[in-house]
Amino acid sequence: MLGERGKVLSATIVSGPMAGEKCIYTQEEMHGEHFWKEFLTELRRVEQTETVSIGKREIFVELFQKAPRLVILGGGHVSQPVCQIGKILGFDITVVDDREEFVTKDRFPWADRLLCCDFDCLPDELFRYENTFYVAVTRGHQGDRACARKVLSHPHAYFGMIGSRTKVKITKDALLEEGFSGEKVESMHSPIGLPLGGQLPEEIAVSIMAEIVKEKNRRHTGFADMDVANAVLGGEHGVMLTILSKSGSSPRGTGSKMFLGEGGTSYGSIGGGSVEYTACRDAGHVSGVQVKEYDLSAKDASDLGMICGGHVRVLFERI
């Protein structure tokens, strides 16, 4: 699912009724037991890796994302430096224009895909990957409106539209008249980009990509250690340790994982040092799902290999 959608979330009940139950979901689908459906509305409001309370349950939500995609809608002079900077930043890039001469390898040597089609007929495959950032830089408000209509109808990571405030207002008013909610319309980043005062195409491109980077890094994501993933997918049995929350100087963040195989092999890390040693020792007594807290005074922190005090909550799951 992650490879197809680019973004998935997992939810684990860590305390309360049905502790240990899990589901995987996106904005459009869910895989898990039927009871999860009553929680989906609230879960889909969670945008990053964190622990939330729903009713009498404490639920740990993890956001996982694959490489981001950038879809540039319009092949004009601003699009070229946007494409170049986007490639430097590691985006998979598609450029779309309704003029064949504007979507060529000569103009966009950094693009992964070039597509010539009318903006009213954008193909559905452009909108199946939720971790996609859309930039509308078409030559007129009709093209912008067609792009906005399509993007706002699908889950996406970001949608920005270039243009004057007058042009933007015309497009937004038209979308509201077509029935799009005010919340969806106002989610558009328009006028696009951070206010850097740029005038040249390259300067405007920097402001656009700076805003995209800011938005991309706004959410805390889960850390998918491939050694941990491969051990579990390979059928090993053992105990999974996951940091639910932390404060102070713990070197690993929320969502960091470590897997202890029954044969004694370990994969990943939740921070190393005596904290990890203590947690690994505690893991030997876990039979199902359990949460342990390590509340460290300055003295405890020194004893456990930390520079200063802190608080770490670790989820233990026998797999």
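R113 has a relative accessible area of 38%, so it counts as partly exposed (buried is under 20%, exposed over 50%, partly exposed in between, with a 1.4 Å probe and protein chains only). D92, at 23%, is partly exposed. The side chains of these residues, D92 and R113, meet in a salt bridge, a term for a side-chain nitrogen of Lys or Arg within 4 Å of a carboxyl oxygen of Asp or Glu. Because D92 lies in strand β7 (residues 92-97) and R113 in strand β8, the pair ties together parts 21 residues apart in sequence.

The model is predicted: local features need pLDDT of at least 70, side-chain atom pairs count only at pLDDT 80 or more, and totals for chains, interfaces and linings use all residues. Residues are numbered from 1 along each chain as its sequence is written, and side-chain values use heavy atoms, with hydrogens and water left out.

**Salt bridges**

A search of the whole structure finds 19 salt bridges.

| Pair | N to O distance |
|---|---|
| R5 and E130 | 3.1 Å |
| K22 and E317 | 2.8 Å |
| D92 and R113 | 2.0 Å |

K22 in strand β2 (residues 22-25) and E317 in strand β15 (residues 310-318) are 295 residues apart. Helices (H or I, at least four residues) and strands (E, at least two) are DSSP runs, numbered from the N terminus. K22 is partly exposed at 41% relative accessibility, whereas E317 is buried at 7%. Both R5 and E130 are buried.

**Helix α9**

Helix α9 (residues 273-283) has V275, E276, T278, A279, D282 and A283 as its buried residues. Seen down the helix axis, these fall within an arc of 160°, so they line one face of α9; the arc is that of the directions from the axis to the C-beta atoms. The face turned away from the buried side carries the exposed residues G273 and Y277.

**Second largest pocket**

The second largest pocket has a volume of about 740 Å³. Of its 25 lining residues, the closest to the centre are Q27, E47, P155, H156 and S187. On a 1 Å grid over the protein atoms alone, a pocket is an open set of points where a 1.4 Å probe fits, with protein on both sides within 12 Å along at least five of seven lines; lining residues have an atom within 4 Å of a point. The volume is the space filled by probe spheres set on the points. β1 (7-15), β10 (158-161) and α6 (182-186) each supply at least two lining residues.
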